[in-house]
Amino acid sequence: MAINIDNAYDVAVSQFDEAADRLGLSQAMRAILRKPKRELIVNFPVRMDNGDVEMFTGYRVQHNINRGPAKGGIRFSPEVSLDEVRALAMWMTWKCAVVGIPFGGAKGGVLCDPHKLSRSELERLARRYATEISILIGPNSDIPAPDMNTNPQIMAWMMDTFSMHQGYSVPAVITGKPLAIGGSEGRLEATARGIQFVTREAMIDIGMNPEESSVVIQGFGNVGAISARLLYELGCKIVALSDISGGVYNPNGIDVHQAMHYSKEHGALRGLPNTEAVTNAELLTLPCDVLVPAAIENQITGKNVSQIKARLIIEAANGPTTPEADHILNDRGVTIVPDILANAGGVTVSYFEWVQDLQRFFWAEHEINDRLESIMTRAYRAVRNKAQQQETNLRMGAYLLAVARVAEATEIRGVYP
Ligand code: NAD
């Protein structure tokens with residue numbers, strides 16, 4: 001049956017089905033793992049600055065919690081839908097299993113355009129959403145984190161709201177918090193640091209020298225901007241960058257520090273000196289060795305795949321490649337480090353943050369980064385070895401490892417009652 005690529009959940013289920021076929025999972029296990037365990041829809045009012053009351057809709061989905069408490073970010077976006085949140089929750093289940101951290105998968109979202117909200121409206125929305133989903137979240141049950149358009153300040157408001165209802169501080173209910181209230185050293189850079197580690201490993205495998213490689217990055221937020229800096233530090237030449245307003249290109253290389261400064265000052269990359277403007281669509285097809293999609297889903301599709309020139313694709317965003325494009329790229333011999341492995345650095349350091357909060361014992365930044373490096377490189381190598389043994393690609397290697405781990409936990413726990 002044709003997959004509707006506009007529905008991220010259909011894409012996520014089709015990826016799971018492929019892995020389930022290869023693993024020979026029983027019909028019962030397939031049925032369990034195909035469906036999210038819990039789905040909460042909340043409709044809630046927020047008082048706007050002008051005194052009006054507006055209704056908002058939010059979601060929290062837990063896909064599978066057999067390996068540990070549910071874990072996953074919260075997204076504020078006008079594009080959020082229940083199916084998107086379901087897909088992202090399922091990917092979180094596999095992601096936690098790939099890197100071997102003891103969490104299940106969840107995701108949340110609020111349908112809104114955060115750029116149109118004032119800071120105080122954003123705070124009231126975040127606090128009310130946290131209250132609405134407090135029937136699910138908690139340090140032992142479900143631990144949110146930042147995702148698109150949410151940040152440490154929003155995590156702080158949500159943690160404070162949950163704590164107000166308890167009557168004492170519960171830092172471990174949310175990760176990605178500011179350091180002052182139980183955040184972790186290295187969390188802000190964690191996803192990008194993971195990207196740097198897996199890029200380095202993949203380059204070794206395919207014989208690519210960072211210092212002779214050009215990189216294109218789509219998205220200049222938490223993940224994209226910091227990945228640009230860390231890949232630049234690895235020695236790569238960053239030739240194009242983009243944000244929602246469009247892309248900037250210089251085949252001779254972009255000074256990433258200057259781009260970060262410029263984007264902060266002007267609110268966008270558009271107009272960055274010494275660069276040529278390109279659209280986000282053109283950006284993906286520019287000549288380069290490495291392409292890092294770090295924005296949204298469904299960017300590399302059947303429509304543009306024939307024009308993609310990169311030899312290595314590092315999926316920093318969740319779900320940037322459609323299954324059709326994925327198969328074509330694999331046939332062409334392009335190496336794709338899949339999202340559930342590539343961007344797992346964020347949830348890994350979220351795990352460290354949660355452990356530190358529960359123990360009230362905090363680690364130094366070098367300890368965080370060393371532990372992250374060992375988890376990410378071990379996971380990358382395990383996925384690569386699995387893919388080689390099974391004569392498949394890295395995505396399927398990651399799925400085979402992850403789905404088998406979740407299926408094993410589900411099997412051992414048994415069907416209640
Ligand atoms: P962010 O909000 O900090 O940044 C998103 C960036 O993408 C911004 O530069 C924005 O302008 C750009 N963008 C948005 N829509 C776009 C579009 N239609 N075309 C091109 N660019 C667009 O978000 P983030 O936290 O950096 O997340 C980016 C991706 O990484 C998402 O897929 C997210 O799920 C994934 N991810 C994030 C984390 C994390 O720790 N933040 C962890 C794992 C995965």
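Predicted model: local features only at pLDDT ≥ 70, side-chain atom pairs only at ≥ 80, totals over all residues.
Student: How far apart are the centres of domain 1 and domain 2, taken over C-alpha atoms?
Tutor: The domain assignment places domain 1 at residues 8-173 and domain 2 at residues 190-337. Taken over C-alpha atoms, the separation of the two centres is 26 Å.

Student: How many residues does each domain give to the contact?
Tutor: The assigned ranges are 8-173 for domain 1 and 190-337 for domain 2. Domain 2 contributes seven residues to the contact, and domain 1 contributes twelve residues.

Student: What area is buried between domain 1 and domain 2?
Tutor: The size of an interface is often expressed as the accessible area lost when the parts come together. Here carbon and sulfur atoms give 50% of the buried area, and the total is about 680 Å².

Student: Which residues of domain 1 lose the most area to domain 2?
Tutor: The area buried between the two domains is about 680 Å². On the side of domain 1, three residues together account for 43% of what that side buries; they are Val11, Trp91 and Met148.

Student: Which elements give two or more residues to the side of domain 1 that touches domain 2?
Tutor: Two residue pairs are in polar contact between domain 1 and domain 2. On the domain 1 side, the elements that give two or more residues are helix H1 (8-23) and helix H3 (82-98). By class, that side has one polar, five nonpolar and six charged residues.

Student: Which residue has a side-chain N or O atom 3.4 Å from an oxygen atom of the ligand?
Tutor: The ligand is surrounded by 22 residues, and the closest include Asp147, Thr191 and Asn318. Polar backbone atoms lie 3.0 Å from a ligand oxygen at Asn149 and 3.2 Å from a ligand oxygen at Gly221. The side-chain atom at 3.4 Å belongs to Arg187.

Student: How many residues apart are Arg34 and Asp17?
Tutor: The count of salt bridges comes to 24. The side chains of Arg34 and Asp17 meet in a salt bridge at 2.7 Å, N to O. Arg34 is in helix H2 (residues 27-34) and Asp17 is in helix H1, and the pair links parts of the chain 17 residues apart.

Student: Which residue has a positive phi although it is not a glycine?
Tutor: Most residues other than glycine have a negative phi. The residue in question is found in the loop between helix H12 (345-359) and helix H13 (365-389). Its phi is about 55°, and the residue is Arg360.

Student: What is the omega of the cis peptide bond from Tyr416 to Pro417?
Tutor: Most peptide bonds are trans. Pro417 lies in the segment after helix H14 (394-413). The bond from Tyr416 to Pro417 is cis, with omega near 5°.

Terms used. Residues numbered from 1 in each chain as written. Heavy atoms only, no water. Domains from an automatic or database assignment. Contact = heavy atoms within 4.5 Å. Buried area = accessible area lost by both parts, 1.4 Å probe. Polar contact = N/O pair within 3.5 Å; in protein donor to acceptor, adjacent residues only side chain to side chain. Helix = DSSP H or I, 4+ residues; strand = E, 2+ residues; numbered from the N terminus. Nonpolar A, V, L, I, M, F, W, Y, C, P; charged D, E, K, R; others polar. Near = heavy atom within 4 Å. Salt bridge = Lys/Arg side-chain N within 4 Å of Asp/Glu carboxyl O.
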